[in-house]
Amino acid sequence: VLFLQIVHILNMTSAKIVSFLLHPEESLHSLQNRIEFETGISTGNQELLLETGICLDPRKPASQCVIDGVRGWDSYMVYLFDKSKTVYDGPFASRSLSDCVNYIVQDSKIQLPIPQLRKVWAEAVHYVIGLKEDYSRLFQGQRAAMLSLLRYNANLIKMKNNMVSASQQLKAKLEFFHQSIRLDLERYSDQMAYGISSEKMLKAWKEMEEKASQCAQAEDIGYLDEQIMALHTEIVELQKSPYARRQGEVMESLEQRAIDLYKQLKARPPDHAYSDSTDMVKIIVQTVQSQDRVLKELFGHLSKLLGCKQKIIDLLPEIEVALNNIKEADNSVMQMQGKRQREIWHLLKIACTQSSSRSLVSSSLEGTASTPAATWLPQNCSGNSAPHPLSSLAAPEDGENFADMIRENVNYLELFSSILQEVRQEQNSMMVS
């Protein structure tokens with residue numbers, strides 16, 4: 001018997017406790033099926049919270065409901081909420097009276113013998129204590145709901161910070177991209193008359209600028225930020241509310257008064273005297289009225305907590321979508337930036353190739369124009385005498401130098417032809433792209 005594990009489930013929708021004997025290695029899903037059979041709440045709508053506000057992990061066994069130690073086996077509660085409801089009207093009807101207590105409540109002035117009155121009042125004290133304990137358990141369930149709400153709120157704040165950070169980064173990248181592409185378009189327009197031009201590339205750059213303007217819509221998260229801030233304010237107000245704190249002081253004082261009355265009655269000798277139950281019945285009535293009031297406040301506050309929690313649950317997918325849109329826009333901007341930079345370097349490569357081609361052509365032309373003249377034309381000598389006719393003939397060494405020069409010029413010509421062909425191919429490929 002000592003090793004049996006029993007879990008107590010407090011149904012917050014009905015304020016009733018259902019207890020289950022856990023089987024060895026029973027799964028949480030199996031326990032939820034049993035809870036559905038007892039309470040009518042489907043497994044998909046069940047939310048089982050511990051006192052700390054932590055939701056039970058479906059990957060762990062059902063024994064996670066029971067803590068180790070003396071306290072866990074009979075007083076530790078798991079709080080059951082129905083996720084399909086956000087408004088809890090609450091069970092305002094108090095626990096039922098026993099026959100003996102109901103007898104004196106119906107007629108508080110009836111005279112009963114002291115020994116019999118002790119038994120009736122003992123049950124009355126037990127009833128008053130039970131009313132206070134019912135409220136305490138429900139308040140603990142409300143507290144678990146508050147702690148669960150704060151956990152959801154912490155997750156919301158984390159996602160909101162990620163969203164704001166991503167939005168600011170996207171905004172900075174868009175500003176840099178717009179400034180860069182405007183400068184590129186201005187410089188490109190300046191060199192079109194005497195440099196390299198491509199209408200298709202110019203059109204692509206302008207389309208990039210328009211697409212970047214459309215990406216700016218992803219950074220607009222103001223509407224989500226306003227909803228989150230309003231929700232934060234609402235949660236803070238709920239935390240500050242007096243209904244977020246225990247309101248059972250009146251019931252505790254009534255409980256103590258009932259105990260004191262019973263002690264006074266118990267101290268009386270068991271003679272043949274009779275007495276009525278007027279004072280005890282007043283305490284019972286006041287306790288019932290006090291419980292009814294505090295339960296209305298409790299369930300009203302609980303409904304607000306669950307409403308805020310549902311708002312967070314609804315906001316989380318919207319924030320996720322906004323984050324995905326920001327990431328897609330960010331990737332798009334970086335891809336356009338990279339594509340434009342590759343095109344700029346491609347233009348630079350073409351310009352450098354054309355410049356080197358012109359320098360090679362000019363140097364080869366200068367070589368072919370000056371070298372033969374220097375080789376074949378006779379050198380002027382000092383004086384007016386004409387050179388010997390044989391002096392104009394090329395020596396064997398000069399002939400070899402001339403043949404080398406011709407071969408070098410032919411090589412330069414072939415190189416120039418291949419460079420021009422590469423330039424044409426690159427220009428055609430750029431126009432196509």
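This is a predicted model: local features need pLDDT of at least 70, side-chain atom pairs count only at pLDDT 80 or more; totals for chains, interfaces and linings use all residues.
Residues are numbered from 1 along each chain as its sequence is written, and side-chain values use heavy atoms, with hydrogens and water left out.

**Salt bridges**
- The count comes to 11 salt bridges, taking a side-chain nitrogen of Lys or Arg within 4 Å of a carboxyl oxygen of Asp or Glu.
- One of them pairs Asp134 with Arg95, with the closest N and O atoms 2.9 Å apart. That pair links distant parts of the chain, 39 residues apart: Asp134 sits in helix α3 (residues 114–191) and Arg95 in the loop between β4 (77–82) and α2 (99–106). Helices (H or I, at least four residues) and strands (E, at least two) are DSSP runs, numbered from the N terminus.
- Asp134 is buried at 18% relative accessible area, while Arg95 is partly exposed at 31%. Here buried means under 20% relative accessible area, exposed over 50%, and partly exposed in between (1.4 Å probe, protein chains only).
- Asp134 also bridges to Arg137, with the closest N and O atoms 2.7 Å apart. These two are 3 residues apart in α3, so about one helical turn separates them.
- Another bridge joins Glu297 and Arg293 (3.5 Å, N to O). Both lie in helix α7 (residues 278–376), 4 residues apart, or about one turn of the helix.
- Back at Asp134, shared partners join Arg95, Asp134 and Arg137 into one network.

**Helix α4**
- Buried residues in α4 are Met201, Leu202, Ala204, Trp205, Met208, Ala212 and Cys215. Seen down the axis, they fall within an arc of 160 degrees (taken from the directions from the axis to the C-beta atoms), so they line one face of the helix.
- Turned away from that buried side, the other face carries exposed Glu199, Lys203, Glu210 and Gln214.

**Aromatic pair**
- There are 2 aromatic pairs. Among them, Phe81 and Tyr88 make a tilted one, 6.3 Å centre to centre with 35 degrees between the planes.
- Rings of Phe, Tyr and Trp (its six-membered ring) pair if their centres lie within 6.5 Å; planes under 30 degrees apart are stacked, over 60 edge-to-face and the rest tilted.
- Phe81 and Tyr88 are both buried.
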